Amino acid sequence: MKRIYFDHSATTPVDPEVATLMLEYMTDKFGNPSSIHSFGREVKKAVDQARQSVADLIGANPNEIFFTSGGTEADNLALKGVAYANRKKGNHIITTAIEHHAILHTCEYLEKQGFSITYLPVDENAMVRLEDVKNAITDQTILISVMFANNEVGTIQPIKEIGQLAREKGIYFHTDAVQAVGNYPIDVNEYNVDLLTLSAHKFHGPKGIGALYVRRGVRLEAQQQGGGQERSIRPGTENTPGIIGLGKAAEIAKRDMNTKIAQVARLRDKLIAGIEAKIPHIKLNGHRTMRAPGNVNFSFLYVEGESLLLNLDLKGIAASSGSACTSGSLDPSHVLLAMGLTHEVAHGSLRISLGRGNTEEEIDYCLEVLPGIIEKLRSMSPLYGTEMQPMSSNPCNLCHRH
């Protein structure tokens, strides 16, 4: 049976070049980079090179890169670090209703600590309105945090414009760019970003390692205490194999960026067009053009998402119904609900996320088996064949095919 991996937004396979280099720093080059002898200096040099490679990928300076255990820690450090360091200036943070739970749950925690949080709505394409950001700003606002590309529906936000607005108002701007870094060109200066979160395993690096970009001059309070590693912002003995793996993955991502985007976006567009041509009663979720290169997300009316995933898995296709971090939840996607979809339609969503290893033949195979699976599942629904139901809570937003 074919085995096809269509879940690159959840994680990506480690690049062989990355794995080979990491193994070297797990065995032969095992020194602690804080040690002053030759074993330590050898590793310190490699860590510095990795920091430079990560900085180069996003247009930053290496001294603005702080290594973390991944995206969740970096998000926590960004939000809590800015909140606590700047609470004398204000206690208001602006974010969106469709952020990753690493942001949303951190904001909920900060609310309990006395901070005020505004959760901005999004439109039917999961796009934040610049006017809503502007209207939410108060004289107490110290931070705006808006994700770069949504992990479920792929919508790319107007980051440059939001960053410019924040800069004009003297407010720090953070973006959770975990889904974008390594998969989409980013320059922190062009996008007016003050803090940025990234994670290695989203672009063929290892799990358990990420980074937070912090623009020079940003007031940030460390969230843990220990030794002086990472300039005391994130103390603790460095995960040197992970850091070096992240650096190598960043180097490869920068080198292959344009080729990868063109290849993956072409497959994405073919899959979207094929699904829309072959299957009725569907809705493409997310912005049609301002979209992550590899993201395909559809809602299928009269279909339950978990059953759809299980049937695809039986055909050898690994996909997702949303974020891998919430796959155990029976609740519908908070992102789809924020876009206005009904609970029933949100439960019938499918996320296919493509990567550089996917092929035209795999897209053809998916388009061959998916219509039959949808038809089989709908045949078991007592509602299928009855009067058409709205795809969203907005009565104007009905299914586009009948």
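Guide: Begin with I58, which is in contact with I65, V181, I186, D187, V188, L196, L198 and Y213, leaving aside its neighbours within four places in sequence; contact means heavy atoms within 4.5 Å. This is a predicted model, in which local features need pLDDT of at least 70 and side-chain atom pairs count only at pLDDT 80 or more, while totals for chains, interfaces and linings use all residues. Residues are numbered from 1 along each chain as its sequence is written, and side-chain values use heavy atoms, with hydrogens and water left out.

I58 is one of the residues with the most contacts inside the largest nonpolar core, together with F67, I144 and L196; that core has 66 residues. A nonpolar core is a set of buried Ala, Val, Leu, Ile, Met, Phe, Trp, Tyr and Cys residues joined through side-chain atoms within 4.5 Å. Buried means under 20% relative accessible area, exposed over 50%, and partly exposed in between, with a 1.4 Å probe and protein chains only. The core draws at least three residues from each of domain 1 (4-8 + 257-378) and domain 2 (16-253), with bounds from an automatic or database domain assignment. A second, separate core of 31 residues includes I4, V264, L308 and C366. In soluble globular proteins, nonpolar side chains tend to be buried together.

The centres of domain 1 and domain 2, taken over C-alpha atoms, are separated by 28 Å. Across the two, 25 residues of domain 1 are in contact with 27 residues of domain 2.

Next comes K202, in the loop between β7 (195-199) and β8 (210-214); strands are DSSP runs of E with at least two residues, helices are runs of H or I with at least four, and both are numbered from the N terminus. K202 is buried because its relative accessible area is 11%. Not counting residues up to four places away in sequence, K202 touches S9, A10, T12, V178, Q179 and N183. A polar atom of the K202 side chain lies 3.0 Å from the backbone oxygen of A10. K202 and H8 are 194 residues apart in sequence, yet 7.1 Å apart in space, C-alpha to C-alpha.

H204 is found in the loop between β7 and β8 as well. H204 counts as buried because its relative accessibility is 5%, and its phi is near 70 degrees, a positive value in a residue other than glycine. Most residues other than glycine have a negative phi.

An unreviewed UniProt entry has the annotation "binding site" on G71, T72, N151, Q179, S199, A200, H201 and T237. These residues span 167 positions in sequence, and their farthest two C-alpha atoms are 30.4 Å apart, so they do not all gather at one spot. Of these residues, N151 and Q179 are included in the lining of the largest cavity. UniProt annotations may be inferred rather than shown by experiment. On a 1 Å grid over the protein atoms alone, a cavity is a set of points where a 1.4 Å probe fits but cannot get out, and lining residues have an atom within 4 Å of a point.

G71 lies in helix α3 (residues 71-85) and counts as buried, at 11% relative accessibility. T72 is in helix α3 and counts as partly exposed, at 46%.

Terms used:
Polar contact = N/O pair within 3.5 Å; in protein donor to acceptor, adjacent residues only side chain to side chain. 1 Å grid on protein atoms, 1.4 Å probe; cavity = no way out; pocket = protein on both sides within 12 Å on 5 of 7 lines; lining within 4 Å.
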